[in-house]
Amino acid sequence: MKNIITAVNVNKYFDQFQALKNINLEVRHGEVMCVIGPSGSGKSTFLRCINQLERIDSGGIWVDDELVGYRMEGKKLYPLNDKQIARQRLKTGMVFQRFNLFPDKTALENIIEGPCQVLLRPVKEATQEAMALLERVGLAHKRDAYPMELSGGQQQRVAIARALAMKPKLMLFDEPTSALDPEMVGEVLAVMRSLAAEGMTMIVVTHELGFAREVANRVVFMDEGGIIESGNPEDVLLNPQNPRTQNFISAVL
Ligand code: ADP
Ligand code: MG
């Protein structure tokens, strides 16, 4: 199986502060990787580097065999321009903790915005596909609702549908249920679980260890900008080897 993500010796600084320390990681097509770790450990920064919301300082990230942010000519690397970066970014869909829907657009309009404006798809086709996506996240009946009229869980499901509408090769989830009331966590995890079952490649930053154990092929524990431990969910979650992983897991449970 081919890698969809390859990260090699990735370092990222914010001024003097090193947010990512020598990250090495591979994700294969169809894999679900859950990233866990305390607040401030670099989880979001890592996702943002994959999606080029941040630029790494050294090392390399390949998404689907393409070096992120650079093109190679001979043996020299040249940074990509904004347009080229935007094109690369289309390979990944991202879902954030806060739902970030356009407040003045309906659920349906939120979903067709990207396909119509960026991919230049005809409205009719985009609408048909958006309706199928709304169906898939259980919200076909909410097509004309504005974000304000939707619960947090419903908004997050629309946000997932919106990301999927761009047909990404990889979905990045950054604590998608952390901002939700507890009774809405399950409905969002259910959508993510079904996506995983359909073979979508996903990197999920989450504190939902039950979800990680059930759905992930691999769990990565990060602390202070580094990967401290990674492996199959049973090993990392039930039998962690590193004391920092042990402490974190017993604190979350
Ligand atoms: P996590 O998602 O694991 O909670 P983050 O990736 O958000 O952690 O942050 C990792 C560290 O980098 C934190 O110490 C955070 O304060 C710092 N950091 C993140 N983004 C920035 C930024 N834009 N400027 C300065 N420091 C940042
Ligand atoms: Mg974060």
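First, the ground rules. Residues are numbered from 1 along each chain as its sequence is written, and chains are lettered from A and ligands numbered from 1 in the order in which they are written. As this is a predicted model, local features need pLDDT of at least 70, side-chain atom pairs count only at pLDDT 80 or more, and totals for chains, interfaces and linings use all residues; side-chain values use heavy atoms, with hydrogens and water left out.

A nonpolar core is a set of buried Ala, Val, Leu, Ile, Met, Phe, Trp, Tyr and Cys residues joined through side-chain atoms within 4.5 Å. Buried means under 20% relative accessible area, exposed over 50%, with a 1.4 Å probe and protein chains only. The largest core has 51 residues. Helix 6, residues 182-197, gives the most to this core, with eight residues. Helices here are DSSP runs of H or I, at least four residues, and strands are runs of E, at least two, numbered from the N terminus. Another core, of 25 residues, lies apart and includes Phe46 and Ile56.

Now helix 9, residues 243-252. Which of its residues are buried? They are Thr245, Phe248 and Ile249. The face turned away carries exposed Pro243, Asn247, Ser250 and Ala251. At the N-terminal end, Asn242 is the cap, with a side-chain oxygen 2.8 Å from the backbone nitrogen of Arg244.

Conventions:
A polar contact is a pair of N or O atoms within 3.5 Å; within protein, one must be able to donate a hydrogen and the other to accept it, and residues adjacent in sequence count only if both atoms are side-chain atoms.
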